Amino acid sequence: YTVFHTADASLGYDLTVDVDEALSPCGDDRLEPNDDPWMPLILTPGVLTHLKACGTNPDWFEFTVLGTQAFAAGILFDPALGDLELTLWDASGSQVLQYGQGGAGATFVQYQSPGTTTYLLKIQGDALSVAPYDIVFYND
């Protein structure tokens, strides 16, 4: 980019900066787009590694529980790289559980579903987060 400066303050100037996305410290991870509750990634039991939380850009995951199954989900991350939060939502859009990690580097939810239901998990960082994370999900 180029900046022109004049001694006459009344003239002003325009500044345009183009940043190559590849240079951004927080590009999309391999599971994008999953930034909205209506475009979640389908979550199956197991572990997904090398994901990335970028600022207040959330990641959404969806799974269905059959009957009154219990399930557990969690995130593992380095709290020095971001303050991540995990929230559980039901299919109607109501928040069921919320866990802020408080810098511990691991946040888990356990829940007994009252019946067959689709749930959403939302992972989001604070404004300064550039945090890799892993997500763990198990059900009965």
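Which residues touch the most other members of the largest nonpolar core? Among its 23 residues, they are F61, F63, I75, L121, Y133 and I135. The model is a predicted one, in which local features need pLDDT of at least 70, side-chain atom pairs count only at pLDDT 80 or more, and totals for chains, interfaces and linings use all residues. Residues are numbered from 1 along each chain as its sequence is written, and side-chain values use heavy atoms, with hydrogens and water left out.

**Overall architecture**

- The chain has zero helices and nine strands, where helices (H or I, at least four residues) and strands (E, at least two) are DSSP runs numbered from the N terminus.
- Of its 140 residues, 38% are buried; buried means under 20% relative accessible area, exposed over 50%, and partly exposed in between (1.4 Å probe, protein chains only).
- Contacts are heavy atoms within 4.5 Å, and of those between residues at least 6 apart in sequence, 70% join residues at least 24 apart.

**Nonpolar core**

- A nonpolar core is a set of buried Ala, Val, Leu, Ile, Met, Phe, Trp, Tyr and Cys residues joined through side-chain atoms within 4.5 Å.
- The largest core has 23 residues, and β2 (46-54), β3 (59-65), β4 (70-77), β5 (85-90), β8 and β9 (130-139) each supply at least two of its residues.
- Leaving aside residues up to four places away in sequence, I135 touches L43, G46, V47, L48, L51, F61, G74, I75, L121 and I123.

**Aromatic pairs**

- Rings of Phe, Tyr and Trp (its six-membered ring) pair if their centres lie within 6.5 Å; planes under 30 degrees apart count as stacked, over 60 as edge-to-face and the rest as tilted.
- This rule gives eight aromatic pairs, including the edge-to-face pair of F63 and F71, at 4.9 Å centre to centre with 70 degrees between the planes.
- F71 and Y119 form a tilted pair, at 5.2 Å centre to centre with 50 degrees between the planes; this pair links distant parts of the chain, F71 in strand β4 and Y119 in strand β8, 48 residues apart.
- F63 is buried at 2% relative accessible area, F71 at 3% relative accessibility and Y119 at 2% relative accessible area.
- One aromatic cluster is formed by F63, F71, Y111, Y119 and F137.

**The β7–β8 loop and β8**

- P114 is in the loop between β7 (106-112) and β8 (117-124) and counts as exposed because its relative accessibility is 65%.
- Beyond four places in sequence, P114 touches G67, T68 and Y119.
- T117, in strand β8, touches F63, T64 and V65, not counting residues up to four places away in sequence.
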